[in-house]
Amino acid sequence: MTDGNGTRDGGQLADVSALRPGGHAVVVGGGLAGVTAALALADAGVRVTLLEGRPRLGGLAFSFQRGGLTVDNGQHVYLRCCTAYRWFLDRIGGAALAPVQERLDVPVVDLDRPEGRRLGRLRRDALPVPLHLGRSLATYPHLSLAERASVGRAALALKGLDPADPALDTQNFGSWLTAHGQSARAIEALWDLVGIATLNAVAGDASLGLAAMVFKTGLLSEPGAADIGWARVPLGDLHDVLARKALDAAGVRTEVRTRVTSVRADGNGGWSVQVPGETLDADAVVLAVPQGEAHDLLPAGALDAPGNLLEIDTAPILNVHVVYDRQVLAAPFLTALGTPVQWVFDRTEASGLKEGQYLALSQSTAQNEIDEPVATLRERYLPELERLLPRTRGAEVKDFFVTRERNATFVPAPGVGRLRPGARTKAPGLCLAGAWTATGWPATMESAVRSGVSAAGAALGTLGLSHGLLPDFLEEAA
């Protein structure tokens with residue numbers, strides 16, 4: 001039975017239409033990695049079936065309904081340098097719905113400073129690297145003159161690192177920053193301001209290799225590389241609705257509410273994928289699921305050290321949602337120091353709210369808060385918002401709720417690089433995708449899309465097909 005969109009809603013799998021000359025690939029998992037792999041394979045002439053256990057696509061970047069609101073489970077942003085995710089948006093027809101700001105501009109409010117001197121900004125000029133950030137750093141009020149000068153010297157040293165050097169993965173970013181003259185204040189007010197949002201870890205807990213990749217690519221590659229983009233519509237409109245339309249148009253058979261129970265070689269060079277009540281035969285399989293699920297589905301011998309997947313720890317992100325009866329924030333977003341609040345985004349228009357304002361607080365490194373009761377979080381964050389946003393004082397709170405992603409990202413700790421597998425396994429035709437695989441990026445939407453392209457490339461190699469129709473960042477992703 002299908003639901004009118006070519007997807008299954010109970011019953012048997014839909015009948016296969018015309019066969020393609022490139023064989024049949026099954027993609028397990030309908031997050032960004034799986035959708036990307038399915039689209040890339042279909043574009044290369046492969047017949048594709050995409051299987052997703054949930055009733056929707058999008059993985060950990062999705063939306064849901066709460067009364068009259070359409071709520072994203074968490075605030076997701078990307079940077080102009082995220083070429084893979086930007087390709088994905090173009091491929092599904094959603095680029096105009098998630099634009100990038102014209103020029104990097106991040107308001108930073110420090111509540112430890114006196115009234116009237118709390119606002120600083122991180123923004124760029126239209127100058128070549130590294131001069132594009134020179135004026136912003138020179139006038140950044142949350143650091144002393146000496147600290148600003150030291151930041152410039154550390155940035156130049158960082159520019160000389162090779163993120164792909166395995167030795168960097170064994171070191172932590174915090175120790176490297178300290179060794180390069182960065183004070184605790186500089187780390188808090190600048191390096192962690194960016195790093196926590198991109199790595200979901202403080203500098204002392206992050207791999208130097210991953211941190212170097214983030215800062216070199218985002219701040220030291222191109223002048224506009226760090227310009228921020230975010231969805232002006234619910235994430236589900238992009239990662240589910242538009243993704244399904246693109247998959248349908250590409251001829252991909254998309255089956256939701258379909259959980260894979262086993263993947264095994266069929267003895268004839270192909271694969272058998274078991275779902276409740278049925279077995280699918282495939283020439284190639286892409287496992288685009290979290291590392292724990294991939295470990296459980298991998299056949300014996302597919303990886304030399306499958307236990308490494310279980311050593312890739314996960315970290316939570318907590319999102320606090322507050323609806324006020326009036327506008328309390330004039331900017332689209334801001335970030336804060338001197339408070340537990342990290343990043344605050346205005347989600348009013350995207351959620352469909354007609355009156356008042358809806359703010360979403362994105363709280364990374366939330367290990368100590370992820371399981372706290374809503375009442376406790378309300379008592380903590382509403383007073384902090386009153387400190388941060390004076391207009392909230394006297395405003396009525398119409399709604400307060402939280403969303404919790406306990407396994408939002410993998411932990412980018414030193415040594416994680418050796419645990420992350422590539423797209424190819426030792427079992428011909430069986431490939432891996434997911435932000436946790438060896439993309440060189442931390443656990444971001446960019447990493448997920450890159451992994452999907454890499455897995456598609458590996459599968460095409462098994463099928464004897466050309467990589468020519470894959471996105472041109474394939475070599476970088478692989």
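How many nonpolar, polar and charged residues does the lining of the second largest pocket have? By class, there are eight nonpolar, six polar and seven charged residues. Here Ala, Val, Leu, Ile, Met, Phe, Trp, Tyr, Cys and Pro count as nonpolar, Asp, Glu, Lys and Arg as charged, and the others, Gly among them, as polar.

The model is predicted: local features need pLDDT of at least 70, side-chain atom pairs count only at pLDDT 80 or more, and totals for chains, interfaces and linings use all residues. Residues are numbered from 1 along each chain as its sequence is written, and side-chain values use heavy atoms, with hydrogens and water left out.

The second largest pocket has a volume of about 450 Å³. A pocket is an open set of points on a 1 Å grid over the protein atoms alone, with protein on both sides within 12 Å along at least five of seven lines; lining residues have an atom within 4 Å of a point. Grid points are joined across faces, edges and corners, and a volume is the space filled by probe spheres set on the points. The lining comprises 21 residues. Nearest the centre of this pocket lie Pro 163, Ala 164, Leu 210, Thr 439 and Gly 440. Helices α5 (166-169) and α8 each supply at least two lining residues. The most comes from α8, with four residues. Helices (H or I, at least four residues) and strands (E, at least two) are DSSP runs, numbered from the N terminus.

Two cavities of 30 Å³ or more were counted. A cavity is a set of grid points where a 1.4 Å probe fits but cannot get out. The largest cavity holds about 80 Å³. Strand β4 (69-72) gives the largest share of its lining, three residues. The second largest cavity has a volume of about 30 Å³. Its lining has eight nonpolar, one polar and no charged residues.
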